[in-house]
Amino acid sequence: MFDQDSIYIVGEAKSPSNNPITEQYKVFFIGFVVDRLSGKIIDAEATSILSITSSFIRHLFVGKNIRETDQIVNAIEEKYYGSSQKAVIVAFRHASQKFNQLHNV
């Protein structure tokens, strides 16, 4: 399904206490499959209650470059108005930092 240059990175964050994600999972996670050479995000999935939430989060990331942090954060702020918006941003930044550490950027 994924080629040999694919790596898996998880970003995590706390979601708001009034969010059902917090009730069910305690912590918000986004898993990313990333091409280790180019930084292109191949796939993404988030802990969510509604499947449309995970689908929309996937839409925000797939095809983008994990190194383009500011552009992706801007897109999240412009398009995602769920109560976990800040958690999505923090989880993405966490995963991006992990990727950069792997590549000593």
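This is a short tour of the structure, stop by stop, with something to select each time.

Before you click, know that this is a predicted model, where local features need pLDDT of at least 70 and side-chain atom pairs count only at pLDDT 80 or more, while totals for chains, interfaces and linings use all residues. Residues are numbered from 1 along each chain as its sequence is written, and side-chain values use heavy atoms, with hydrogens and water left out.

**Stop 1: the sheet**

Switch to cartoon view and pick out the 3 strands, which make an open, antiparallel sheet in the order S1-S2-S3. Helices (H or I, at least four residues) and strands (E, at least two) are DSSP runs, numbered from the N terminus; two strands pair if DSSP finds at least two bridges between them. Select 6–13 for S1 and 41–46 for S3: these are the edge strands, and each pairs on one side only. On average, neighbouring strands here are turned by 20° against each other, direction ignored. Axes are lines fitted to C-alpha atoms, for helices over the stretch in contact, and angles run from 0 to 180 degrees between N-to-C directions.

Which residue in S2 stands opposite Gly11? Click on Ile30 to see it.

**Stop 2: a helix across the strands**

Select 51–61. This is helix H2, lying across S2 and S3 and running at about 155° to S3.

**Stop 3: the rings**

Show the aromatic side chains. How many aromatic pairs does a search of the whole structure find? There are 3. Rings of Phe, Tyr and Trp (its six-membered ring) pair if their centres lie within 6.5 Å; planes under 30 degrees apart count as stacked, over 60 as edge-to-face and the rest as tilted.

Zoom in on Phe32 and Phe61: their ring centres are 5.0 Å apart and their planes stand at 90°, so this pair is edge-to-face. Phe32 sits in S2 and Phe61 in H2, so the pair ties together parts that are 29 residues apart in sequence. Both residues are buried, meaning under 20% relative accessible area, with exposed over 50% and partly exposed in between (1.4 Å probe, protein chains only).

Next, bring in Phe92. With Phe32 it makes an edge-to-face pair, 6.1 Å centre to centre and 65° between the planes. Phe92 belongs to helix H4 (residues 85–102), so this pair joins parts 60 residues apart in sequence. Ring pairs link Phe32, Phe61 and Phe92 into a cluster.

**Stop 4: Thr69**

Finally, select Thr69, in helix H3 (residues 69–79). Buried or exposed? Thr69 counts as buried, because its relative accessibility is 16%. Leaving aside neighbours within four places in sequence, Thr69 is in contact (heavy atoms within 4.5 Å) with Phe92, Arg93 and Ser96.
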